[in-house]
Amino acid sequence: MENTTSGTTKARIAGMVKHSSVDGPGVRFTVFFQGCPHHCPGCHNPETWDPAGGEEISLDELIEEIRKTRYLDGITLSGGDPLLQPRAVIAAADAAHAKGLTVWCYTGWTFEEIMKGSAGPDAVEALNHMDVLVDGPFRMELLSRECIYRGSSNQRLVDVPASLSAGAAREVKSL
Ligand code: SF4
């Protein structure tokens, strides 16, 4: 199957975990995208920063992996920063939604920055294809063990459909 949505046929990833229980609620298929421009001090995954590192995977292969993996509640797009590869985010998210799975995406940009275009126009479009955005850079001085699914207290679990509808960030009320 050729990906015809954009001409993008490949993603550059650092790896995949097919059954993760730490990247959002339930059992999730996590894709770690390669490349991150944010370089947060204290980042746990600095090996994902180099946009030329990692390995290439075709979007067809990525979609097929999501499609065939059983016993999932959702997918999580992590990294690195997935929004450097927004067309791949859209393809993976659509494959997950077609299976009835929820889509979470981590990013070092805030919801407001994305909406202003800081991550590019395709990243704005990608918001329409996800359910929860865990947003903002990791800030060591705000490190908190209280923050479920986040590293620092500045990061939010943004309810993306509600936020797009309201025109302003709305956090997830319950998981
Ligand atoms: S945005 Fe995430 S992956 Fe990128 S440097 Fe910050 S903590 Fe690391």
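1. Setting aside residues up to four places away in sequence, Trp49 touches Cys36 and His39. The model is a predicted one, and Trp49 sits in its loop between β2 (28-33) and β3 (55-58). Along the chain Trp49 is 16 residues from Phe33, while the C-alpha to C-alpha distance between them is 9.4 Å.

2. His39 counts as exposed because it has 10 C-beta neighbours inside 10 Å. Its phi is positive, about 50°, although His39 is not a glycine.

3. Tyr71 also deserves a look at its backbone: its phi is positive, at about 65°, and Tyr71 is not a glycine. This residue is in the loop between α1 and β4. Tyr71 has 9 C-beta neighbours inside 10 Å and therefore counts as exposed.

4. A cis peptide bond runs from Gly79 to Gly80, with omega near 5°. Gly80 lies in the loop that links β4 (74-78) to α2.

5. Next, the core. The largest nonpolar core is made of 40 residues, and Ile75, Val89, Ala92, Met130 and Leu133 have the most contacts inside it. Helix α2 (residues 86-98) is the biggest contributor, giving eight residues. For Val89, leaving out neighbours within four places in sequence, the contacts are Leu77, Pro82, Leu83, Cys105, Ala126 and His129.

6. How do α1 and α2 pack? The axes of α1 (residues 59-68) and α2 are 9 Å apart, at an angle of about 30°. That angle is why α1 counts as roughly parallel to α2, since the cut-off for this class is under 35 degrees. The crossing of the two helices is right-handed.

7. Which residues of α1 and α2 meet? From α1 come Leu59, Leu62, Ile63, Ile66 and Arg67, and from α2 come Ala88, Ala91, Ala92, Ala95 and Ala96. By type, the residues of this contact are nine nonpolar, one charged and no polar.

8. His97 is another residue of helix α2. Is His97 buried, partly exposed or exposed? His97 has 16 C-beta neighbours inside 10 Å, so it counts as partly exposed. From His97 to Arg87 there are 10 residues in sequence and 15 Å in space, taken C-alpha to C-alpha.

Definitions and conventions
Residues numbered from 1 in each chain as written. Predicted model: local features only at pLDDT ≥ 70, side-chain atom pairs only at ≥ 80, totals over all residues. Core = buried A, V, L, I, M, F, W, Y, C linked by C-beta atoms within 7 Å. Buried ≥ 20, exposed ≤ 12 C-beta atoms within 10 Å, placed from the backbone. Helix = DSSP H or I, 4+ residues; strand = E, 2+ residues; numbered from the N terminus. Contact = placed C-beta atoms within 7 Å. Axes fitted to C-alpha atoms, helices over the stretch in contact; angles between N-to-C directions. Parallel < 35°, antiparallel > 145°, perpendicular 65-115°, else oblique. Left-handed = near helix turned anticlockwise from the far one by under 90°. Nonpolar A, V, L, I, M, F, W, Y, C, P; charged D, E, K, R; others polar.
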